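The tour goes from the whole chain to single side chains.

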Amino acid sequence: MFAGIDEVDWASMEHAYGPADDVPGLLQGLASADPAEREGALDGMYGAVHHQGDVYACTLACIPFLFELVVDPAVPDRGGIVELLTSIGGIDLDEDDEDEIDEDEIEGAANYAMAAAAVSAGAGVFFALMADDDPGVRVSAPLALATLHGHPARVLPLLRERLAVEPDEEVRLALVEAAGRVALRHRPLTDQIADWLSRLAAEAHPPGLRLAALAQLARCAPQALPGDVVRVVAGLLRQLRSSPPAGGAEPGCRGAEAHSEPEPAGTEERAAPVTLVGQLRAMSAEESAGRTAPWTADLLRTLHVGLDDRVAERTALLTDQLCSPDRWQRIDAVRMSSGLIRAWRGSYSELVRLVGEQLGAAEPRLAEAASHVLEELFGLAAPAADALAARVAADPGAWVKEWASGPPGLGSPVKALSRLGDARALPALAAALERPEVPHDVGFAIGYLGAAARPLAGALRRRLGEVGLDEGAYDRASPLLAGLTALRAGEAAPEVLRVLRGAPEYRGEWLRTAALRALGSFGPAARCAVPELRAMIRRPGTSAATEAAEALWAVAGDASAVLPVLIEGLQAEHAHERRSAASALGRLGARAEVTAPRLRALLGHEELWLRVDAAIALWEVSGRARESVPVLLAAWEQNRHVRVRVAECLARMGAAGAGSDAAHVLRAELASVRRHNAMDGGYGSHDTYEDEKLLALCRRALMGNTGKGPTT
């Protein structure tokens, strides 16, 4: 084994962390008799040689030696090596990808192509591995063949043959998954594969195999799913549950926690793994512990991905899962509910109510998962409000969460209840304000409560007055300033002014911005700050002057003083400073009409967000929408993240009359089932909130001009 490995000039190559002269040791480590050494070697391969999916010259040089390892039955844990080869050779660049590759990416793309060609050329070895004595190899080989072999017509019959004789359940599921992968890669075979999967789903097979077949049908041929797919899957999940409920009765949603699996006893404590591969294996083992069918969650996730925009069916399936006596099925349902609601618009009241019921579960992972889901739902969490309030009241110790590094934060149930504007969160927020270190997000929570949080103004003011104006001032003051800003607590103007005057050099710019925003929110109640604000606007063209001018306008209403500063701000070097100036001018309304030509000149600027802010400000200062609306609608199509701001303006304009271009755009948005900011493979904590806000603004705009028009 490893013949010729010393003849490769590894030192001339590089991987993610420098020279690749350590690669021979990693390859030899994969064949070690020591499990820890094998794990470390595999971790090194993924961490350096195939870092985040990258393919380097040294990765290509490894391929022949990896093939030597997978065909040698004396090498342990070859399934992991098969998976590594599948990953190295399985990156497909389609024509669209190739069109987007720039000069800096050409070498990487060439490496991907060479890796795919090299691994595919040797993929024939995986045929023999389908019957290997090692179940771990047999689990990995089907997907390797389905992903890498160039002749799917040879692969498919073997998958069927192996399924008939394979004794291991996990391997059987892998064979079915591989069939779905073949169908996705080779569309001419889809009908044939869908017919086979349909028979597997309908015949007298074990429930896990039937569920796997349905999941792959949803993935590659959703039109072939049975019409009653929710009923069928719900029935399969019932069969997969570990045992019937106490007393033999079919469980309802309430009281399901009374029947749950016992925790495994006598578990021996082991040292935490140090490699990433080891940590992932440990996490997988922990997640699987106590489950009778640990692969169920993966199958259900695949099914949901395949069902895609069939929101009603997905909701019904999750609702059924949340009524399960099996806590693991409920944990899976809670997590999948988050993914569904985050990406798709729908009617979720009952689903959310059932998620809320999990807050009272004895299983801490279930209650924690439910609280995290509700935290991201904002107003959509209303059906779970009582459950959240009960959870908050029952567990004061969880009101604030401490972190190993960084400032403390509010616990998920407190945040979720606050984001509903529910006053029952007040005791938790009041307690948070008395802690030595105030949670970093308490000010935002107060903002969602609005007037209900007015009793907290005194504590916010007192704590702000205690903030030392040293290098840590911003971290300590910013949550307090955010809370005072939300409450428009003008009585705190002296304390805010102290912070503004004494802002330290470190993060001082951020602290001044927060203080000026607070003073602006106080309006005339902050008149004591007028001299300071007038002094700050004497340096026009700076961001501080623009922010001070905006605050001065809100406090004193002196257009003659702030107008020259904001006009200067429109010519600032950075686009974000110009945006600030444009937005501030818009708040002056007709008093800033003289700036209309300057704002009009920005409608063609290369920065999209600046064009949008300039268009909105132009309407606000001129009262005419004709020039602004086309710019706003063009931006709407170019960048989905600008839509909330555009819709807010259209709602105030009343520009969405029947038959208008704006009305057409707004109706198309309301007709879409997918959330406007849904992303594949990522999400933001406020995505659902922003999309629900967009929907409300679209409806308001279509109803007529019910918002506030241009300031006059």
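Start with everything selected. Of the 712 residues in the protein chain, 51% are buried. Keep in mind that this is a predicted model. Switch to cartoon: the secondary structure comes to 37 helices and four strands. Now show the surface. The chain exposes about 31,800 Å², and carbon and sulfur atoms supply 52% of that area. Turn to contacts between residues at least 6 apart in sequence: 67% of them join residues at least 24 apart.

**Stop 1: helix α23**

Select residues 442–449, which make up helix α23. Which residues are buried here? They are Val-442, Gly-443, Ala-445, Ile-446 and Leu-449. Look down the axis of α23: the buried residues fall within an arc of 160°, so they line one face of the helix.

Then step just past the end of α23. Gly-450 takes a positive phi of about 65° there.

**Stop 2: aromatic pairs**

The structure holds seven aromatic pairs. Select Phe-378 and Tyr-689, a tilted pair with 4.6 Å centre to centre and 35° between the planes. This pair links distant parts of the chain, 311 residues apart. Phe-378 sits in the loop between α19 (364–375) and α20 (385–394), while Tyr-689 belongs to helix α37 (residues 687–703).

Move on to Tyr-474 and Trp-510. Their ring centres are 5.4 Å apart and their planes stand at 70°, so the pair is edge-to-face. This pair, too, links distant parts of the chain: Tyr-474 is in helix α25, Trp-510 in helix α27 (residues 508–522), and they are 36 residues apart. Trp-510 has 48% relative accessibility, so this residue counts as partly exposed.

Now select Phe-2, Trp-10 and Phe-65. Ring pairs link these three residues into a cluster.

**Stop 3: charges over rings**

Two selections remain. Finish with Lys-401 and Trp-403. Where does Lys-401 lie? Lys-401 is placed over the face of Trp-403, at 5.2 Å from the ring centre.

Technical notes
Residues numbered from 1 in each chain as written. Predicted model: local features only at pLDDT ≥ 70, side-chain atom pairs only at ≥ 80, totals over all residues. Heavy atoms only, no water. Buried < 20%, exposed > 50% of the residue type's maximum accessible area, 1.4 Å probe, protein only. Helix = DSSP H or I, 4+ residues; strand = E, 2+ residues; numbered from the N terminus. Arc of directions from axis to C-beta. Phe/Tyr/Trp six-rings, centres within 6.5 Å; stacked < 30°, edge-to-face > 60°. Lys NZ or Arg CZ within 6 Å of the ring centre and 35° of its normal. Contact = heavy atoms within 4.5 Å. Areas by Shrake-Rupley, 256 points an atom, 1.4 Å probe, with all protein chains shown as cover.
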